[in-house]
Amino acid sequence: MTIRIALLGLGEAGSEIAADLVAAGADVRGYDPKVAAPPGVAARVDEADAVRDADVVLSANSSHDAVPALVNALPGLRAGTVWADLNTAAPQVKERLVEVLADRDVPVVDVALMSPVPGRGIRTPMLVSGEGADRYAEILGGFGAAVTVQPGPPGAAISRKLLRSVFYKGLATAVVEALAAAEAAGCADWLRDNIGAELAGFDEHTVERLVDGTHRHARRRADEMAAATEQLAALGVPARIAAAARDQLAEIRDRTHA
């Protein structure tokens, strides 16, 4: 049986996923108001037209467009179609999709893409939750997708991705800020090597050491980050991460010694 898949959003992520699905034998149709459909994808005139004969809809536009895309698709959305939202949006947005579809037999799948799509396409690891998660895993897995089902409603999958993002994206922006300051101070190469060595030394005990050390030494570290914030200001580098770390450590210090 041919599986018909609709892609809403044919940007960087959507176009790669669509191309891989076509190559794997799926019957793919798509719509994007700004991007032309890639080869093998049947272009449709709007969201409702794109979903009218689909077994699965992959909404891969943006967090801001997740709900509007569903609302626009409603006139063409038939019972039994699986609505999969691939956008990195807050759990509340995923819950809103369920509310919009409350009176329709259209299961919602919350799809959290757990790594960048470029270069991976359909093989991008996906964590999914919601009523239609098992069906989604069955269908997309048949085309080569790496899908892990997370028990729970829509919002459960993206919640885990966003919590992880606090660490990954927070770490990345801290590195960017530190290197910008090191560049201004004339020691960027030294700091880059130092950061690399520290990251290479991470092991299974690193998280416990970081958490324990932060609480144990919050007073000293708050003072240290206050000094770091002053240094960045003197170097002409905005101290957003350094200042946030200072404030967080001060709060932990005050709670610990209250």
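This is a predicted model: local features need pLDDT of at least 70, side-chain atom pairs count only at pLDDT 80 or more; totals for chains, interfaces and linings use all residues.
Colleague: Which element gives the most to the lining of the largest pocket?

Modeller: Helix 6, helix 7 (188-200), helix 8, helix 9 (218-235) and helix 10 (240-256) are the elements that each give two or more residues to this lining. Leu171, Ala174, Leu210, Met225 and Ala245 are the lining residues nearest the centre of the pocket. The top contributor, with twelve residues, is helix 6.

Colleague: How many residues in the lining of the largest pocket are nonpolar?

Modeller: The lining also has eight polar and seven charged residues. Ala counts as nonpolar by the classes used here. The nonpolar residues number 29.

Colleague: Which elements give two or more residues to the lining of the second largest pocket?

Modeller: The second largest pocket holds about 360 Å³ of space. It is lined by 21 residues, and Ala13, Thr88, Leu113, Val117 and Lys161 lie nearest its centre. Two or more residues each come from helix 1 (12-23) and helix 6.

Colleague: How many charged residues are in the lining of the second largest pocket?

Modeller: Lys161 is one of the residues nearest the centre of this pocket, and Lys counts as charged. The lining also includes nine nonpolar and seven polar residues. The charged residues number five.

Colleague: Which helix supplies the largest share of the nonpolar patch?

Modeller: The patch on the surface is formed by Phe167, Tyr168, Leu199, Phe202, Val207, Leu210 and Val211, with about 660 Å² of accessible area together. Helix 6 (156-185) and helix 8 (206-216) each supply at least two of its residues. The largest share is three residues, and it comes from helix 8.

Colleague: Is Val207 buried or exposed?

Modeller: Val207 is found in helix 8 and belongs to the nonpolar patch. Its relative accessible area is 54%.

Colleague: Which residue forms a salt bridge with Arg123?

Modeller: Side chains of opposite charge can pair when their charged atoms come close. The count for the model is 16 salt bridges. Arg123 lies in the loop between strand 6 (108-113) and strand 7 (126-129), and its partner is in helix 1, 103 residues apart. With the closest N and O atoms 3.9 Å apart, that partner is Asp20.

Colleague: Is Arg29, the partner of Asp53 in a salt bridge, buried or exposed?

Modeller: The closest N and O atoms of Asp53 and Arg29 are 3.0 Å apart. The pair links distant parts of the chain, with Asp53 in the loop between helix 2 (47-51) and strand 4 (56-59) and Arg29 in strand 2 (residues 27-31). Asp53 has a relative accessible area of 17% and is buried. At 3% relative accessibility, Arg29 is likewise classed as buried.

Colleague: Which residues are linked with Arg29 and Asp53 in a network of salt bridges?

Modeller: Asp53 and Arg29 pair directly, at 3.0 Å between the closest N and O atoms. Their network of salt bridges has two further members.

Colleague: What separates Asp212 and Arg216 along helix 8?

Modeller: The two side chains meet in a salt bridge at 3.2 Å, N to O. Asp212 is partly exposed at 40% relative accessible area, whereas Arg216 is exposed at 57%. Because they are four residues apart in helix 8, the separation is about one helical turn.

Colleague: How far apart in space are Ala79 and Arg104?

Modeller: Ala79 sits in the loop between helix 3 (66-73) and strand 5 (82-85), and at 53% relative accessibility it is exposed. Ala79 and Arg104 are 25 residues apart in sequence. From C-alpha to C-alpha, the distance is 6.5 Å.

Colleague: What separation do the C-alpha atoms of Ala227 and Val41 have?

Modeller: Ala227 lies in helix 9 and is partly exposed, with a relative accessible area of 43%. Ala227 and Val41 are 186 residues apart along the chain. Their C-alpha atoms are separated by 56 Å.

Technical notes. Residues are numbered from 1 along each chain as its sequence is written. Side-chain values use heavy atoms; hydrogens and water are left out. Patches are made of residues with over 30% relative accessible area and no salt bridge: like charges are joined within 9 Å, nonpolar side chains (Val, Leu, Ile, Met, Phe, Trp, Tyr) within 5 Å. Accessible areas come from the Shrake-Rupley method with a 1.4 Å probe; for residues, only the protein chains shown count as cover. A salt bridge is a side-chain nitrogen of Lys or Arg within 4 Å of a carboxyl oxygen of Asp or Glu. Buried means under 20% relative accessible area, exposed over 50%, partly exposed in between (1.4 Å probe, protein chains only). On a 1 Å grid over the protein atoms alone, a cavity is a set of points where a 1.4 Å probe fits but cannot get out, and a pocket is an open set with protein on both sides within 12 Å along at least five of seven lines; lining residues have an atom within 4 Å of a point. Grid points are joined across faces, edges and corners, and a volume is the space filled by probe spheres set on the points.
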